[in-house]
Amino acid sequence: MKPGLRSPLAEALLALADDELILAHRDSEWTGHAPILEEDIAFANIALDELGHAALWYRLVADLREEDAERYPDRLVFHRPAGAFRNVRLVEHPKGDWAFTIVRQFLFDSAEQVRLKALAAHPQASLAQTAAKILTEERYHLRHLSAWVTRLAQGTPESKHRMQAALDHLWPLAGQLFQTLPGEAILVDAGAWPASPMLGIEWQAQVTDFLTGCGLTIPARTSPDESGRQIHSAHLEPLLAEMQSVARLEPQGEW
Amino acid sequence: MTSDAERLAAFEARIAAGEKIEPGDWMPDEYRRQLIRMISQHAHSEVVGMLPEGGWITMAPSLRRKLVLLAKVQDEAGHGQYLYHAAETLGVSREEMLAALLAGKAKYSSIFNYPATSWADMGVIGWFVDGAAILNQTMLARCSYGPYARAMIRICAEESFHYKQGMEIVLTLCQGTPAQRTMVQDAVRRWWWPTLMMFGPHDAESPNTPTLVRWGIKTRTNDELRQEFVNQVVPDARTMGLSLPDPELRFDEVEGNWRFGEIDWDEFWRVVHGDGPCNRERLGARRAAHDDGLWVRQALEAYAARA
Amino acid sequence: MSDTQWPRYEVFQQETPDRPHRHAGSVHAPDAEIALLNGRDVFVRRPECSSLWVAPASAIFGGTAEELAAGAPPTGDVSGETVEFLVFAKVDPRGTLTHVGQVQAASKRRAVEEAVHACGPQTPFVLWVVPAALVTRSEPGEAAPLFSPALDRPYRDQAFYHIQTALRRLRQESGG
């Protein structure tokens with residue numbers, strides 16, 4: 001890999017890692033509180049997968065930055081302030097009701113699939129392999145989430161109402177997933193990354209098709225919030241304060 | 001026409017021969033009743049047990065700890081699931097079992113009515129509570145009722161990971177900073193007696209035990225299991241420099257047992273009867289999850305009905 | 001609308017392609033697709049698995065040797081066209097219900113008779129028959145996303161933790 005590309009690639013992967021981490025964190029809040037026992041098990045599985053994905057991306061970032069692959073990921077997760085995180089605002093929002101969680105997970109997983117398919121063909125072996133491995137799990141997620149979106153969107157008037165309300169709230173936030181990532185411009189110029197906006201077009205067509213097929217209405221297009229991934233909602237700081245609280249008791253300690 | 005007495009004799013002979021009783025086999029009403037009680041209590045315990053640990057996933061202090069704790073709590077849900085299945089094979093429905101739990105009528109292991117107040121509790125719960133559960137479950141894996149024994153075998157295989165991840169946390173903390181050592185020592189102090197209470201009343205105060213032993217459901221008594229647990233834990237606690245909150249703890253050379261002080265049976269019965277530190281909170285959380293999930297369960301049933 | 005925990009589906013798991021499916025337990029699900037997905041999440045958290053089958057508990061007919069000998073009739077059994085039934089049997093008192101083969105029959109009662117006959121001299125301890133059309137099977141092409149993730153979770157394996165080594169080292173350090 002060209003030396004000049006290592007730093008922007010690390011930035012792009014860090015953004016993907018942060019997305020997975022924060023979403024996994026939100027997903028994990030459902031354990032013990034899901035609508036039925038089987039969903040406690042199923043959703044914990046999804047959270048575990050996402051956390052595993054985050055760990056894989058953080059490791060690649062560590063390699064690119066020539067940092068300790070065992071220690072650096074934890075430093076990134078537990079010792080960065082909110083302002084240094086590069087996740088989208090979509091994943092910061094509290095978990096909401098079950099409809100909110102399902103719609104958010106569906107939008108995220110479908111977006112991930114589109115991007116991962118492109119990355120699985122990447123010339124850099126470790127990147128392509130990581131993407132391919134994650135893609136295998138994401139196929140299962142999408143099968144699970146698609147089944148749930150279909151059923152909740154068409155189940156009862158109440159479930160349909162909740163699903164529509166969730167989509168109304170989440171759709172404007174989902175657009176940020178395909179804004180140009182940190183570091184992406186340089187990579188795309190060098191032919192070393194699939195351009196996000198192009199992937200976004202593919203994703204939007206796919207999910208619009210699916211969701212309208214379920215009887216849901218895609219909210220009208222509003223002017224997109226172009227503020228970058230360094231801008232966060234009010235939800236991130238309290239989330240991180242909780243997430244980092246124990247680790248920060250002994251910042252140099254082993255946990 | 002075989003009489004009930006003949007059927008009972010045949011049934012007890014099957015058990016004595018080490019055969020498994022399967023769903024559909026003739027069984028005394030009392031056997032069925034005791035098993036439903038035990039298995040459903042066990043299932044409820046797994047599900048309620050997700051709560052004290054589930055609350056700490058968001059604060060796990062490393063990626064590995066976060067992954068492992070999430071996997072552990074997921075396993076517990078899975079164990080609840082296997083156990084509800086085993087109870088269902090005896091003719092009770094999951095709706096009935098849940099209704100009893102949420103109405104406060106069903107029991108679950110009292111250990112989960114204690115709060116997990118520090119990260120170190122995650123280690124000590126794995127070490128003490130899962131360690132105790134392994135002893136109990138290893139015994140139950142030989143139980144005469146097929147579905148319960150099979151559920152126990154699956155659970156035992158998974159439980160040993162639970163115990164070890166807890167020990168790993170305790171080992172890390174007791175070799176850590178002074179603040180970390182204090183944290184884990186405090187957790188040990190709070191969880192020791194409640195864990196000993198997990199094994200239930202003294203044998204003399206345990207009216208169900210002789211019947212359960214004759215029918216191959218229990219093969220060891222409460223006191224036997226409790227003594228084995230103490231014998232296992234005390235040497236490891238000493239190795240790790242952790243002290244147990246029992247001034248009467250001493251090794252009896254003659255019996256080869258660690259002798260220990262008397263359990264506070266007032267506390268035991270108070271917590272069993274619903275007056276523990278977290279009883280209301282635990283049930284409240286389960287009720288909320290159930291109520292909040294109603295529209296979801298109904299939506300999926302409505303969809304299936306139309307398909 | 002009433003509140004239920006959804007109907008039960010029995011789950012059958014095949015560890016490797018050269019072994020028969022065995023009964024693993026049951027899941028509650030509103031329909032077959034969710035049952036298959038739930039079955040995977042409940043029963044395939046650890047390797048190995050190559051195939052999963054689910055069937056509504058209500059579609060399964062069978063019982064213990066005693067029950068079948070007593071001739072308890074199946075509920076709602078109608079003699080219709082001959083269809084395929086999958087047969088699961090427990091032939092070892094310490095074993096589990098295992099897929100043993102298929103029979104062709106026009107009713108549940110006939111399916112059981114065919115199955116008992118096919119089992120030969122040794123009457124199974126428990127026998128289940130279920131119409132093949134009501135069994136949902138995981139697709140072979142979907143094996144990777146369904147089953148391979150479980151292979152990637154070393155932290156779930158108790159062998160991943162070296163507790164005894166750590167304790168031994170501590171004992172040595174503290175001199176006894």
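Predicted model: local features only at pLDDT ≥ 70, side-chain atom pairs only at ≥ 80, totals over all residues.
The interface of chain B and chain A involves 45 residues from chain B and 48 residues from chain A. Together the two chains bury about 3,900 Å², of which 71% lies on carbon and sulfur atoms. Within chain B, the greatest losses of area to chain A occur at Leu63(B), Trp295(B) and Tyr303(B), which together account for 20% of what that side buries.

Polar interactions across the interface comprise 13 residue pairs in polar contact, counted where both residues have pLDDT 80 or more. The number of salt bridges between chain B and chain A is 1; Arg94(B) forms a salt bridge with Glu38(A), with the closest N and O atoms 2.8 Å apart. Elements contributing two or more residues to the side of chain B that touches chain A include helix 2 (29-54), helix 6 (146-174) and helix 12 (294-306) of chain B. Helix 3 of chain B supplies the largest share of that side, 13 residues. By class, the side of chain B that touches chain A consists of 27 nonpolar, 12 polar and 6 charged residues.

In chain C, strand 3 (residues 51-56) is largely enclosed by the rest of the structure, because 6 of its 6 residues are buried. Ser51(C), Trp53(C) and Ala55(C) cover one side, while Leu52(C), Val54(C) and Pro56(C) lie on the other, and all are buried. Strand 3 of chain C runs antiparallel to strand 1 (residues 8-14) of chain C, to which 6 bridges join it; Pro56(C) is the bridge partner of Tyr9(C). Strand 3 of chain C also pairs in the antiparallel sense with strand 8 (residues 136-137) of chain C over 2 bridges, where Val54(C) stands opposite Thr136(C).

Note on methods: Residues numbered from 1 in each chain as written. Chains lettered and ligands numbered in written order. Heavy atoms only, no water. Contact = heavy atoms within 4.5 Å. Buried area = accessible area lost by both parts, 1.4 Å probe. Salt bridge = Lys/Arg side-chain N within 4 Å of Asp/Glu carboxyl O. Polar contact = N/O pair within 3.5 Å; in protein donor to acceptor, adjacent residues only side chain to side chain. Helix = DSSP H or I, 4+ residues; strand = E, 2+ residues; numbered from the N terminus. Nonpolar A, V, L, I, M, F, W, Y, C, P; charged D, E, K, R; others polar. Buried < 20%, exposed > 50% of the residue type's maximum accessible area, 1.4 Å probe, protein only. Pairing = 2+ DSSP bridges.
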